[in-house]
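Student: I would like to go through the ligand sites of this model one at a time. Please show it to me before we start.

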Amino acid sequence: MNKVAVVTGSGAGLGKGIALQLAKDGFKVVLQDINQDTLKSTEEEFKNDGYEVTSIAGDVSKRDSHTEFVKAAVDHFGQLDVYVNNAGIDIVAPFIETTEEQMNKIFAINVNGVMFGTQAAARQFMDQGTKGKVLNACSIAGHESYEMLGAYSATKHAVKSLTHSASKEFAKENITVNAYCPGVAKTEMWDRIDAEMVRYNDDMEPGDAFEEFSSAISLGRYQEPQDVANLVSFLASDQADYITGQAIVTDGGLVYR
Ligand SMILES: NC(=O)C1=CN([C@@H]2O[C@H](COP(=O)(O)OP(=O)(O)OC[C@H]3O[C@@H](n4cnc5c(N)ncnc54)[C@H](O)[C@@H]3O)[C@@H](O)[C@H]2O)C=CC1
Ligand SMILES: CC(=O)C(C)=O
């Protein structure tokens, strides 16, 4: 296979797991992250394991950055086939205390980042005259709205909506746009969410918030990055050519939609 994927926020966490699976599937992968240290160490790790990857640092909230990420794919590997808008941040705060700065930051990264990434990828697919796939990180919080995660949940609902609109506009170009919606995965994001939820609640000990969320999972275990990567791998493959505009939940049975 000679396909090329960009995965934003792939220096660590779910993005790293997704990038690794796509590399195993035969994709040439452009790793991307705002954190240059994890980005470089992940690139080195992947290269040592024999995968064809390159990397580019940058901030997904900036529109021009995505043009650079796409250019990196084309310059290094000659084309673009799949663009994974994975990077995202969390904010844990009571509704009444959520600040203007927090709202602007989380919407800039989680929502504007997905908008700009989708635009840049679609432009490249149209220039190439090929089909293409955009995959967006949504969440169970894009289907359900959580206490203390009001701003975060709103961004993920927005990602779902952008996924729907983009899929309708780009269908005639043979570009599909879908979202993957993880549940409770033990990445640094959940370490931060747990720490913040515990900080706001005197009755909680470290680990309690994560335990409370994950104990409700029907399949009886929290999510591993590989669980998310498996769904993304399928959605990135030709087998998913007839799927578009969907926000598919992978959560072990937690939110039923
Ligand atoms: N961990 C979980 O349980 C869930 C995660 N998600 C979503 O999955 C995606 C990945 O989450 P995790 O891996 O858990 O998060 P994480 O916080 O563990 O990793 C996110 C990565 O994105 C990078 N990043 C952050 N801001 C960036 C920016 N402005 N530009 C470029 N890169 C940036 C970080 O440096 C980090 O490497 C996010 O969109 C998140 O909202 C959705 C549902 C559940
Ligand atoms: C981090 C996240 O999306 C949740 C609600 O688990």
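Predicted model: local features only at pLDDT ≥ 70, side-chain atom pairs only at ≥ 80, totals over all residues.

Tutor: Domain 1 (4-91 + 98-183 + 226-245) and domain 2 (184-222) each contribute residues to the shell around ligand 1, so ligand 1 lies between them.

Student: Which helix gives the largest share of the shell around ligand 1?

Tutor: Helix 1 (13-24), strand 2 (28-33), helix 5 (150-170) and helix 6 each supply at least two residues of that shell. The largest share is 4 residues, and the element that supplies them is helix 6.

Student: How do the residues of the shell around ligand 1 divide into nonpolar, polar and charged?

Tutor: There are 30 residues around ligand 1, and Leu14, Asp33, Tyr152, Ala185 and Thr187 come nearest. By class, the shell divides into 15 nonpolar, 10 polar and 5 charged.

Student: What distance separates a polar side-chain atom of aspartate 33 from an oxygen atom of ligand 1?

Tutor: Polar contacts are counted within 3.5 Å. The backbone of leucine 14 has a polar atom 2.8 Å from an oxygen atom of ligand 1, and a backbone N or O atom of valine 60 is 3.0 Å from a nitrogen atom of ligand 1. For aspartate 33, a polar side-chain atom and an oxygen atom of ligand 1 are separated by 2.6 Å.

Student: What percentage of the area that ligand 1 exposes when taken alone does the protein bury?

Tutor: Ligand 1 sits in the largest pocket. Taken alone, ligand 1 exposes 820 Å², and the share of that area buried by the protein is 93%.

Student: Why does ligand 2 lie between domain 1 and domain 2?

Tutor: The residues around ligand 2 are Ser139, Tyr152, Gly183, Met189, Trp190 and Ile193. Ligand 2 lies between the domains because its shell takes residues from both domain 1 (4-91 + 98-183 + 226-245) and domain 2 (184-222).

Student: Which helix provides the largest share of the shell around ligand 2?

Tutor: The shell around ligand 2 divides into 4 nonpolar, 2 polar and no charged residues. Its largest share, 3 residues, comes from residues 188-199, that is, helix 6.

Student: What is the distance from a polar side-chain atom of tyrosine 152 to an oxygen atom of ligand 2?

Tutor: A polar side-chain atom of tryptophan 190 is 3.0 Å from an oxygen atom of ligand 2. A backbone N or O atom of glycine 183 is 2.9 Å from an oxygen atom of ligand 2. For a polar side-chain atom of tyrosine 152, the distance to an oxygen atom of ligand 2 is 2.7 Å.

Student: What percentage of the accessible area that ligand 2 has on its own does the protein cover?

Tutor: On its own, ligand 2 has 220 Å² of accessible area, of which the protein covers 95%. As for location, ligand 2 sits in the largest pocket.

Student: How far apart in space are serine 215 and serine 145, C-alpha to C-alpha?

Tutor: Serine 215 is in the loop between helix 7 (208-214) and helix 8 (225-236). A polar atom of the serine 215 side chain lies 3.1 Å from the backbone oxygen of glutamate 212. Serine 215 and serine 145 are 70 residues apart in sequence, and their C-alpha to C-alpha distance is 18 Å.

How values were computed:
Residues numbered from 1 in each chain as written. Chains lettered and ligands numbered in written order. Heavy atoms only, no water. Near = heavy atom within 4 Å. Polar contact = N/O pair within 3.5 Å; in protein donor to acceptor, adjacent residues only side chain to side chain. Areas by Shrake-Rupley, 256 points an atom, 1.4 Å probe, with all protein chains shown as cover. 1 Å grid on protein atoms, 1.4 Å probe; cavity = no way out; pocket = protein on both sides within 12 Å on 5 of 7 lines; lining within 4 Å. Sits in = over half its atoms within 2 Å of the grid points. Nonpolar A, V, L, I, M, F, W, Y, C, P; charged D, E, K, R; others polar. Domains from an automatic or database assignment.
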